[in-house]
Structure formats: structure tokens, C-alpha cells
Amino acid sequence: MGGVGPLLRPVAWRLNQRRDISSWLAKWFPNIPAKPVVALKTPIKVELVAGKTYRWCVCGRSKKQPFCDGSHLFQLTGLFPLKFKARETRTMALCTCKATQKPPYCDGTHRSERVQKAEVGSPL
């Protein structure tokens with residue numbers, strides 16, 4: 001009598017479980033990442049040490065600009081830091097407007113009218 005019903009229940013349960021897992025993943029890893037926000041309108045000069053690995057904040061929400069503090073995870077941005085290794089020990093200007101074409105280094109984009117008119121903390 002109960003031949004087919006018990007066999008279908010585990011399948012339905014697994015489908016529901018997958019849906020729960022996928023919704024949980026979507027919460028933490030959205031398909032469409034948030035746009036980076038302008039952290040500051042000027043670069044930050046930083047002494048980089050040769051061979052050391054750094055994580056540059058891509059989202060603009062870090063309180064430790066220009067480096068990542070994990071804010072992208074807590075604010076569910078879908079963005080991740082840019083990991084890079086310094087080739088030589090020297091002072092470099094790192095971008096904080098998040099609009100550079102040469103991340104993580106400043107290329108002067110912060111001087112553009114678009115960046116200067118933007119509010120700090122808002123996306124471009």
C-alpha cells in the first residue's frame with residue numbers, strides 16, 4: 001500500500017534541502033555584486049614591503065582603507081578584496097575612490113568630475 005509514497009518523500013526532502021541551501025548561499029554570495037562605493041576622494045600613500053601580500057579593499061566599505069577589513073562579508077556585497085604582492089619596498093599611492101583602471105594603484109581617476117561630485121560612501 002505505501003509503496004511509492006515513502007520513496008518520494010526523501011526526494012522531495014532533498015529538493016527542499018537544496019532550495020534552503022541555495023537561498024542561504026544566495027544571501028552570502030549574491031549573483032549580482034554590489035557596486036563599490038567611494039571610500040575617499042584622494043589616494044592613500046602606503047609603504048609596501050617587497051614580497052609581502054596585501055588585500056586591497058574593492059568594495060570601499062572597509063574601515064581600514066585602502067586595505068580590506070572584511071566589511072564586504074558583513075554587508076553582503078558579493079565583492080572580494082584584490083590580493084596582490086609588492087614587488088619592491090616603496091611608497092605607493094593606493095586608490096580609495098575605487099574607480100581606478102589600475103587597481104590597486106591610483107591612476108588619477110579621483111580627480112575626475114564624476115568622482116569629485118560623488119558622495120563619500122555612495123557608488124559611482
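## Aromatic pairs

Rings of Phe, Tyr and Trp (its six-membered ring) count as a pair if their centres lie within 6.5 Å, and a pair is called stacked with planes under 30 degrees apart, edge-to-face over 60 and tilted for the rest. This is a predicted model, where local features need pLDDT of at least 70 and side-chain atom pairs count only at pLDDT 80 or more, while totals for chains, interfaces and linings use all residues. Residues are numbered from 1 along each chain as its sequence is written, and side-chain values use heavy atoms, with hydrogens and water left out.

How many aromatic pairs does a search of the whole structure find? There are three. Tyr54 and Phe67 make a stacked pair, at 5.5 Å centre to centre and with 25° between the planes. Tyr54 sits in strand 2 (residues 53–56) and Phe67 in the loop between strand 2 and helix 2, so their pairing ties together parts that are 13 residues apart in sequence. Helices (H or I, at least four residues) and strands (E, at least two) are DSSP runs, numbered from the N terminus.

Tyr54 is buried at 8% relative accessibility, whereas Phe67 is partly exposed at 21%. Here buried means under 20% relative accessible area, exposed means over 50%, and partly exposed is in between (1.4 Å probe, protein chains only). Ring pairs also join Tyr54, Phe67, Phe84 and Tyr105 into a cluster.

## The nonpolar core

Now for the core. A nonpolar core is a set of buried Ala, Val, Leu, Ile, Met, Phe, Trp, Tyr and Cys residues joined through side-chain atoms within 4.5 Å. The largest one has 14 residues, and those with the most contacts inside it are Leu48, Tyr54, Trp56, Phe84, Leu94 and Cys97. Strand 1 (44–48), strand 2 and strand 4 (90–94) each supply at least two residues of this core.

Take a look at Leu94: setting aside residues up to four places away in sequence, its contacts (heavy atoms within 4.5 Å) include Trp56, Phe67, Phe84 and Tyr105.

Val37 belongs to the loop between helix 1 (5–28) and strand 1. Is Val37 buried or exposed? Val37 is buried, with a relative accessible area of 7%.

Beyond its neighbours within four places in sequence, Val37 contacts several residues, among them Cys59, Cys97, Gly121 and Pro123. Val37 and Thr96 are 59 residues apart along the chain, and their C-alpha atoms are separated by 9.2 Å.
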